[in-house]
Amino acid sequence: MRNKLFLAISFILMTVFAQAQDKFFTKSGKINFYSVAPLEDIEAKHKSAVAVLDTKNGTLQFSALIKGFEFENEEMQQHFNEDYMESDKFPKSEFKGQVVNNAAVNYQKPGTYPIQVKGALTIRGVTKEVQTPGTIKVDGDGVKAAATFNVQVADYNIKIPSLVKDKVAKTVKITVDTKLDPLN
Amino acid sequence: MKRIVLILLVIIILAVGWYAYRAYTGKVKSLTEVKTDVKINAKELIAAFEKDSAAANKQYLGKVMEVTGNVKSVEKEEGSATVSLGESGAMSSVRCSMDTTYVQEAANIQEGNSITVKGACTGFMSEELLGSDVILNRCIVVTGKK
């Protein structure tokens, strides 16, 4: 009886432990935003993105608060929040998706694995299906996940006043760079 | 001849001055130079967002606030640092992403101490598995420095 109980308990503990090892997360993911235009390059940095990766099925999601993007120039930061992103109305952007080729990633073996990420990207309240390349890096420190999104500004109903049309690029590059820790 | 040199010199000084002035005023100001909108403790701030995040967003989003609380953890990464304030053991906290100029200083913050952090409120993150956090950005330490 005692043996059986012991077995049962260790089995439960093992499943709990195994589950905890599957999921990785961060609350301080980095996101960079680049807009390259003839007149002016614009860059912004974010340091508090949340990301969760389930290594078992490849589910990947991350989210970031729009007001957390830091610009060098105060005026740009203001325009970004008030005119383009309306961050009071739409405070958060998120991506919910999948590592398409998750099976090709060996999370037990150190290395850099090229991945394809597919899912729903929500910006300014508009959700679009996107697919984009990225990498997963497994090393002694844990798991690092990175991806690059090329976002068409018009896809998300972001209106650019004609006055600054030449200043702002029609496509912006968003890079996500996360260092993930086991979730337990 | 001397006169021309002098005039040129004055023009150059004025140009450099103007450029420096523009560069300085155009930059996002450090929060040390910005007036505080709200003073609150971490527990109350978390409670406000957990109760009604839409209302709390309206009240606090984008505001510069001084938040006092218990240091739960200090996370350091290359070029960034995050200080979490709140009740130890609770799932929710106020996460303060430190200003790049304060990253070094963050290393001296002791867990368990009560400190006051000034930062710009960027909102509320609530994830099923990760708990919920109020996020402050570009933070500086007001009191509780070692």
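Predicted model: local features only at pLDDT ≥ 70, side-chain atom pairs only at ≥ 80, totals over all residues.
I started with chain B, which has 4 helices and 6 strands (DSSP runs numbered from the N terminus, H or I of at least four residues for helices, E of at least two for strands). Residues are numbered from 1 along each chain as its sequence is written, chains are lettered from A and ligands numbered from 1 in the order written, and side-chain values use heavy atoms, with hydrogens and water left out.

**Chain B, overall.** I read its order along the sequence as α-β-α-α-β-β-β-α-β-β. I then looked up the radius of gyration: chain B has 21 Å, while a compact globule of 146 residues would come near 15 Å (taken over C-alpha atoms; the globule rule is 2.2 Å times the number of residues to the power 0.38). The C-alpha trace spans about 75 × 35 × 25 Å along the principal axes.

**Cysteines.** How many disulfides are there over all chains? I get 0, with a disulfide being a pair of cysteine sulfur atoms within 2.5 Å. Cys96(B) is in none, and its nearest cysteine sulfur, that of Cys139(B), lies 4.4 Å away. Cys96(B) counts as buried because its relative accessibility is 0%. Cys139(B) counts as buried too, also at 0%.

**Cores.** The largest nonpolar core has 45 residues, and Phe33(A), Ile136(A) and Phe149(A) have the most contacts inside it (a core is a set of buried Ala, Val, Leu, Ile, Met, Phe, Trp, Tyr and Cys residues joined through side-chain atoms within 4.5 Å). Apart from it I found another core, of 34 residues, including Ile46(B) and Met65(B). Back at Phe149(A), leaving aside neighbours within four places in sequence, I listed its contacts (heavy atoms within 4.5 Å): among them are Phe62(A), Phe95(A), Leu121(A) and Ile174(A).

**Strands in chain A.** β5 (residues 92–99) and β6 (residues 111–123) pair antiparallel over 6 bridges; pairing takes at least two DSSP bridges. Val99(A) stands opposite Val117(A) in β6(A). I followed β6(A) on to β7 (residues 126–139), also antiparallel, with 13 bridges. There Thr122(A) stands opposite Thr127(A). This hairpin has 2 residues between the strands, and Arg124(A) takes a positive phi near 55°.

Notes
Buried < 20%, exposed > 50% of the residue type's maximum accessible area, 1.4 Å probe, protein only.
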